[in-house]
Amino acid sequence: MPRFKLMVEYDGTPFVGWQRQGNGLSIQEVLEGALKALTGARVTAHGAGRTDAGVHALGQVAHVDLERDWDPFRLSEGLNALARPHPLAVLAAERVSADFDARHSATARHYLYRVVNRRAPLTFERGSAWRVKPRLDAEAMHAAARALIGRHDFSTFRDSQCQANSPVRTLDRLDVRREGDDVLFEASARSFLHRQVRSMVGTLVEVGAGRWSASDFKAAFEATDRSRCGPVAPPHGLYLVRVDYSGACAK
């Protein structure tokens, strides 16, 4: 059975998340429905990350095993036609080796969190960014975030429902910068705990707003205690931007 890698973009607003669930429509369900309509067979779409309800993706990756070979362009075009009118698009499809796994072969995942820092309500960006009214100090948040870089126990920023075997993760990047009214948080790691990015962002906003000091933030992190986490940022500001693979795994 030929295996295909799909790069998928979606607006997470109307979905209950990536994974099939009984309480609403998921991205996985829409993609698998399009695959069944196109190929006539039930196909499981294995994603690189199980994004939560309301979380968006610019570069989610999935792999699928099909009963016969397909031209990659025709596969992506067919899936896009059949996924309508849902806000989901297959940006590219390519044949990969049988040992490629969208989740387990990944070497890095890159997330962006968007805050619009203004008093006026959002209009065009409603549902695609978190509006925070108090003026945020991006430099203070960036400086505080330095404490998280490297291999640590991230229990403070781990959701109580997280199913990972260990709270220890290696955070490669967490940068905070301002572009006009936008405050952008960029995080990279091989893997993240459930709601880790949103927990880190929400807690850093407490620093940026002046409610926490950098030492408060560091103490909460080093306590490895979920109860010390600040407010969790809402899902609609989070984007899965890209998933990286080694050269050997990508083909």
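1. Phenylalanine cluster. In this predicted model, ring pairs join Phe154, Phe157, Phe217 and Phe221 into a cluster. Take one pair from it. The ring centres of Phe154 and Phe221 are 5.2 Å apart and the planes meet at 45 degrees, so the pair is tilted. Phe154 sits in the loop between strand S7 (150-153) and S8, while Phe221 belongs to helix H5 (residues 214-222). The two are 67 residues apart, and the pair links distant parts of the chain. Both Phe154 and Phe221 are buried.

2. The largest pocket. Phe192 turns up again here. The largest pocket holds about 1,400 Å³ of space. Its lining counts 44 residues, and Ala48, Gly49, Arg50, Arg103 and Phe192 lie nearest the centre. Strand S2 (46-47), strand S5 (106-116), strand S8 (168-179) and helix H4 (196-208) are the elements that each give two or more residues to this lining. What is the lining made of: how many nonpolar, polar and charged residues? It divides into 17 nonpolar, 17 polar and ten charged.

3. The whole structure has 17 salt bridges. Arg3 pairs with Asp65, with the closest N and O atoms 2.6 Å apart. Arg3 is in strand S1 (residues 3-10) and Asp65 in strand S3 (residues 56-65), so the bridge ties together parts that are 62 residues apart in sequence. Is Arg3 buried or exposed? Its relative accessible area is 16%, under the 20% limit, so Arg3 counts as buried. Asp65, at 25%, is partly exposed.

4. Arg20 and Glu32. This salt bridge has its closest N and O atoms 2.5 Å apart. Arg20 lies in the loop between S1 and helix H1 (27-39), and Glu32 lies in helix H1, so the pair ties together parts that are twelve residues apart in sequence. Arg20 is partly exposed, with a relative accessible area of 44%. Glu32 is buried, at 11% relative accessibility.

5. Glu125 and Arg114. Their side chains meet in a salt bridge of 2.4 Å, N to O. Glu125 is in the loop between S5 and strand S6 (130-131), and Arg114 is in strand S5, so the bridge ties together parts that are eleven residues apart in sequence. Glu125 is partly exposed, with a relative accessible area of 28%. Arg114, at 12% relative accessibility, counts as buried.

6. A charged network. Which residues are linked in a network of salt bridges? They are Arg146, Arg173, Asp175, Arg177, Glu179 and Glu186.

Methods
Residues are numbered from 1 along each chain as its sequence is written. This is a predicted model: local features need pLDDT of at least 70, side-chain atom pairs count only at pLDDT 80 or more; totals for chains, interfaces and linings use all residues. Side-chain values use heavy atoms; hydrogens and water are left out. On a 1 Å grid over the protein atoms alone, a cavity is a set of points where a 1.4 Å probe fits but cannot get out, and a pocket is an open set with protein on both sides within 12 Å along at least five of seven lines; lining residues have an atom within 4 Å of a point. Grid points are joined across faces, edges and corners, and a volume is the space filled by probe spheres set on the points. Helices (H or I, at least four residues) and strands (E, at least two) are DSSP runs, numbered from the N terminus. Ala, Val, Leu, Ile, Met, Phe, Trp, Tyr, Cys and Pro count as nonpolar, Asp, Glu, Lys and Arg as charged, and the others, Gly among them, as polar. Rings of Phe, Tyr and Trp (its six-membered ring) pair if their centres lie within 6.5 Å; planes under 30 degrees apart count as stacked, over 60 as edge-to-face and the rest as tilted. Buried means under 20% relative accessible area, exposed over 50%, partly exposed in between (1.4 Å probe, protein chains only). A salt bridge is a side-chain nitrogen of Lys or Arg within 4 Å of a carboxyl oxygen of Asp or Glu.
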